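Please look at the sequence and the structure shown here, and keep both in view while reading the paragraphs that follow.

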Amino acid sequence: MNDIQLPAIDYAALLPMLIVFGAACVGILVEAFAPRGWRFVIQVSLTIGGLVAGLVAIIVNRDLEITTIGGAVTVDGPGLFLQGAIIILGIVSLGLIAERRLERGGPFVAEAAHAANSDGDKRQEREPGATEVFPLTLFAIAGMMLFCVSGDLLTMFVALEVFSLPLYLLCGLARRRRLISQEAALKYFLLGAFASAFFLYGVALLYGYAGTVSLTGIREGVLQSEQSGILLAAGLALLAIGLLFKAAAVPFHVWTPDVYQGAPTPVTALMAACTKAAAFGGLLRVFNVAFETTAWDWQPVLATVAILTMVVGSILAVAQTDIKRLLAYSSVANAGYLLVGVVSLNGAVGSSLFYLIAYGFSVLGAFAMVTLVRDSEGEATHLSRWAGLGKGSPLFSALFTFLMLGFAGIPLTSGFTSKFALFSSAWDSDQSVLVIVGVLSSVVLAFPYLKVVVLLWLNPPGEETPTVSVPSMLTRAVIFAGVAVTFVLGVAPSFLLDIVADAGPFLAK
Amino acid sequence: MSLSQWVPLVVLFTLATLFALFSVTIAPYIGPRRYNKAKLEAYECGIEPTPTPPGGSRFPVKFYLTAMLFIIFDIEIVFLYPWAVAFDSLGMFGFVEMLLFIVTVFVAYTYVWRRGGLDWD
């Protein structure tokens with residue numbers, strides 16, 4: 001009764017997450033007590049301050065390698081890199097979330113639960129939006145940070161829920177086109193809850209197999225356990241379904257286009273950049289730490305999923321007529337490329353991390369530009385409306401063309417260097433089939449991007465071409481960051497490649 | 001491993017199946033039949049099931065808010081009980097951690113209170 005061992009806690013390792021979680025809690029108190037007119041300014045400064053402080057704490061921690069709180073958190077090189085990536089991408093996407101010039105009152109409404117087109121819903125279209133989005137974003141980002149450094153599957157599950165629940169809510173807050181926004185929130189929530197249940201069932205079976213939920217414990221259990229291998233296989237399969245759902249891999253991708261299209265574009269950007277990084281951070285850690293020694297069993301399955309994801313994502317992207325859905329299917333295909341990195345195990349961890357940063361910045365820039373093309377109905381996302389934009393808005397079209405070429409993997413963009421790094425490390429890890437499929441699918445995927453470019457420059461403008469709005473400094477900064485990083489990582493990627501190489505393998509003991 | 005240790009489980013399973021079959025079969029024959037409006041409702045929980053026009057309509061979410069608030073405190077109690085039982089062995093560390101936990105729950109509570117989540121009308 002009196003010999004409970006308290007786990008050792010390394011507060012320095014937890015500090016980045018404590019800062020962001022703390023800032024989120026303070027944000028809730030600001031919502032409770034600050035006068036209405038001041039909330040927006042306070043929340044924006046608090047959120048950016050919290051994220052920057054968290055980033056500083058990560059940089060201070062950069063050489064840390066430790067497992068703490070009884071194995072619940074494992075801070076190591078890749079974990080810290082992913083945390084830093086998520087925070088940086090989060091700070092950038094905050095520019096879109098805080099944008100208030102494009103739309104009176106911001107891109108969000110105050111109450112998600114009003115029935116679409118009801119009186120209350122029409123009234124809130126003219127009112128300033130919720131400032132709760134800032135603490136919600138902070139909670140989501142902090143959850144993603146914890147997800148990337150989870151040392152056991154239960155912590156991972158809690159982190160998964162912590163970052164998913166705010167995202168479900170944020171999806172339903174779009175100011176325009178309320179109905180598909182609510183549809184997106186409901187679909188994401190129902191399917192996400194379903195996937196969480198799979199994850200949890202997998203954890204239970206793995207506990208039955210290894211007698212522990214810690215990743216390193218399962219690693220040892222794989223070698224020593226006397227339980228039936230069916231428990232391991234079933235547990236791993238269910239666990240992988242939960243993770244692959246968040247990563248938007250085929251056949252668990254069906255929610256992606258609907259949610260990406262319906263969610264407010266700033267939230268879509270946050271999901272495409274940060275959630276992607278977190279989901280693959282979790283996948284990489286689980287497969288590299290817990291199941292590396294049983295790789296022969298799962299590699300063929302995951303390779304099949306990767307091939308399906310690349311092929312289905314790129315082919316369906318060709319058929320899209322809506323720019324947000326196109327980017328959604330492109331994010332599915334990119335999930336396939338990243339899965340090639342997961343299948344290649346330790347050899348491709350560094351290049352996967354590089355890919356996540358490169359893709360994250362490009363996709364943030366692209367979605368930032370999507371928010372600018374507007375008519376009286378809000379964002380005009382149907383591709384036919386984009387025809388001939390190059391005539392009236394050459395700068396906008398030039399920048400968007402550059403990002404599209406980046407996605408298509410043209411040299412001098414990060415799309416090329418990141419795919420090259422990822423595929424060459426996968427080739428070195430003997431995944432030649434996957435690399436060939438990956439290269440072929442990225443050729444197919446280049447077609448929809450180039451179709452958009454042709455549409456912008458060569459097609460005649462339609463009867464009512466939407467205007468390209470002039471945003472505030474915030475969205476401009478996001479577009480600048482997206483384009484600049486896409487270019488810099490395409491021309492001089494070596495500094496970041498050195499950093500990801502230094503990050504080293506996941507801590508597996 | 002002998003199969004005999006599973007016998008109680010099989011007995012329980014059989015009894016449960018028989019009981020379910022028995023009660024469902026017998027209920028229409030021996031139960032009183034007094035039809036009224038409430039019999040037609042899905043749940044007799046106090047909310048009028050709204051006759052929704054096509055396309056959806058508004059319905060009160062007061063119960064829903066109360067239920068969510070209940071969950072906040074429910075979860076708090078779930079963690080407070082084991083802490084209270086092991087208070088002596090957890091000592092100062094447990095006390096401080098539990099205070100921090102209560103503070104975070106209180107943050108959510110304050111938000112609800114300030115934003116009018118506790119007003120019934």
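UniProt positions are given in the numbering used here, feature names are shortened, and annotations may be inferred rather than shown by experiment. With that in mind, the unreviewed UniProt entry places "domain: NADH:quinone oxidoreductase/Mrp antiporter transmembrane" on residues 150-443 of chain A. The end C-alpha atoms of residues 150-443 of chain A are 36 Å apart, and the span is 78% helix and 2% strand, where helices (H or I, at least four residues) and strands (E, at least two) are DSSP runs, numbered from the N terminus.

This is a predicted model, in which local features need pLDDT of at least 70 and side-chain atom pairs count only at pLDDT 80 or more, while totals for chains, interfaces and linings use all residues. Residues are numbered from 1 along each chain as its sequence is written, and chains are lettered from A and ligands numbered from 1 in the order in which they are written. The predictor's confidence in each residue is called pLDDT and runs from 0 to 100; its mean for chain A is 93, with 99% of the residues of chain A at 70 or more. Among the elements of chain A, the lowest mean pLDDT, 84, belongs to helix H4 (residues 119-124), and the highest, 97, to helix H5 (residues 133-148).

Helix H10 (residues 255-262) of chain A is largely enclosed by the rest of the structure, because seven of its eight residues are buried. Among these buried residues are A:Trp255, A:Pro257 and A:Tyr260, and the buried residues of H10(A) pack against helices H6 (153-171), H7 (178-210), H11 and H13 (323-343) of chain A.

A nonpolar core is a set of buried Ala, Val, Leu, Ile, Met, Phe, Trp, Tyr and Cys residues joined through C-beta atoms within 7 Å. The largest such core has 182 residues, of which A:Val20, A:Ile86 and A:Ile141 touch the most other members, and its largest share, 17 residues, comes from helix H11 (residues 265-290) of chain A. Two residues are in contact if their C-beta atoms, placed from the backbone, lie within 7 Å; residues up to four places away in sequence not being counted, A:Ile86 touches several residues, including A:Ile141, A:Met144 and A:Cys274.

Chain A also holds an open sheet of three strands in the order E4-E3-E5, with antiparallel pairing, and its edge strands, E4 (378-379) and E5 (467-468) of chain A, each pair on one side only. Two strands pair if DSSP finds at least two bridges between them, and two bridges join strand E3 (residues 373-375) of chain A to E4(A), with A:Asp375 opposite A:Gly378.

Chain B has three helices and zero strands, and 1% of its 121 residues are buried. For "transmembrane region", the unreviewed UniProt entry lists residues 6-30, 63-84 and 90-112 of chain B. The span of residues 63-84 of chain B is 100% helix, and its end C-alpha atoms lie 31 Å apart.

Where do the two chains meet? The contact takes 15 residues from chain B and 13 residues from chain A. One residue to look at is A:Ile4, in the segment before helix H1 (11-33) of chain A, which is in contact with B:Ala86, B:Ser89 and B:Leu90, leaving aside neighbours within four places in sequence. A:Ile4 counts as exposed because it has 12 C-beta neighbours inside 10 Å.

Technical notes:
A residue is buried if 20 or more other C-beta atoms lie within 10 Å of its own, exposed if 12 or fewer, and partly exposed in between; C-beta atoms are placed from the backbone.
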